[in-house]
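My entries follow in the order in which I looked.

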Amino acid sequence: MGNILAIARNNGKEVARHLLETTGKAKALKIELENADWKADGMDLQYVKVYAVDGKGRVVPAAEGEVTFEVSGEARLIAVDNGDHMTDELFSGNHKKLHQGFVMAILRSSQTGGDVKVKASLKGLKSAEKKMQKQSRCIYGAQTCMKNMHHIFRNSSRISMLNLS
């Protein structure tokens with residue numbers, strides 16, 4: 001067990017610092033969400049980053065195993081990845097092997113605001129779970145939003161189809 005500290009200096013002034021530490025054995029999975037302002041527009045994505053961590057919460061790059069994702073609520077799982085550029089595995093499905101202690105799920109929002117729950121599990125490690133809430137796609141409320149959309153589409157010269165579902 002040990003650590004190494006790298007300090008970058010520019011004209012004697014410290015401009016960056018990075019610490020690498022030897023980690024313990026992986027004990028759990030940890031979830032980090034990338035998109036704090038997730039919209040219910042049917043297009044917005046949420047990147048769910050999952051790391052294998054030791055008892056002190058440090059990422060364990062040597063951790064191995066296949067992480068399985070479960071998603072419920074107002075979103076759907078559209079892809080999984082681990083950043084391994086040397087693999088020919090597809091991005092589909094609900095599971096992916098860890099690569100350097102990392103795996104990621106990509107969720108697409110529905111068009112309905114509400115709760116979303118994602119769970120990541122790997123045999124032998126403590127699972128991780130996050131609950132998120134998507135914001136409604138209309139920040140002024142549904143009635144105002146519908147009035148504005150009606151006005152926009154009524155005054156449009158080319159309307160083919162409006163699908164609000």
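**Strand pairing**

I began with strand 6 and strand 10 (residues 114-121), which pair in the antiparallel sense over six bridges; two strands pair if DSSP finds at least two bridges between them. Within this pairing, S72 has K117 of strand 10 as its bridge partner. Strand 6 (residues 66-73) also pairs in the antiparallel sense with strand 8 (residues 95-97), over three bridges, and there E66 has K97 as its bridge partner.

**Ground rules**

I noted that this is a predicted model, in which local features need pLDDT of at least 70 and side-chain atom pairs count only at pLDDT 80 or more, while totals for chains, interfaces and linings use all residues. Residues are numbered from 1 along each chain as its sequence is written, and side-chain values use heavy atoms, with hydrogens and water left out.

**Elements and confidence**

I found 11 strands and one helix in the chain, where helices (H or I, at least four residues) and strands (E, at least two) are DSSP runs numbered from the N terminus. The mean pLDDT (the predictor's confidence in each residue, from 0 to 100) of the chain is 84, and 81% of its residues reach 70 or more.

**Salt bridges**

I counted seven salt bridges, each a side-chain nitrogen of Lys or Arg within 4 Å of a carboxyl oxygen of Asp or Glu. The side chains of E21 and R58 meet in one of them at 3.6 Å, N to O. E21 lies in strand 2 (residues 13-21) and R58 in the loop between strand 5 (45-53) and strand 6, so the pair ties together parts that are 37 residues apart in sequence. R58 counts as buried at 17% relative accessibility, whereas E21 is partly exposed at 41%; buried means under 20% relative accessible area, exposed over 50%, and partly exposed in between (1.4 Å probe, protein chains only). I also saw that E21, D54 and R58 are linked in a network of salt bridges. Elsewhere, K39 forms a salt bridge with D37, with the closest N and O atoms 2.7 Å apart.
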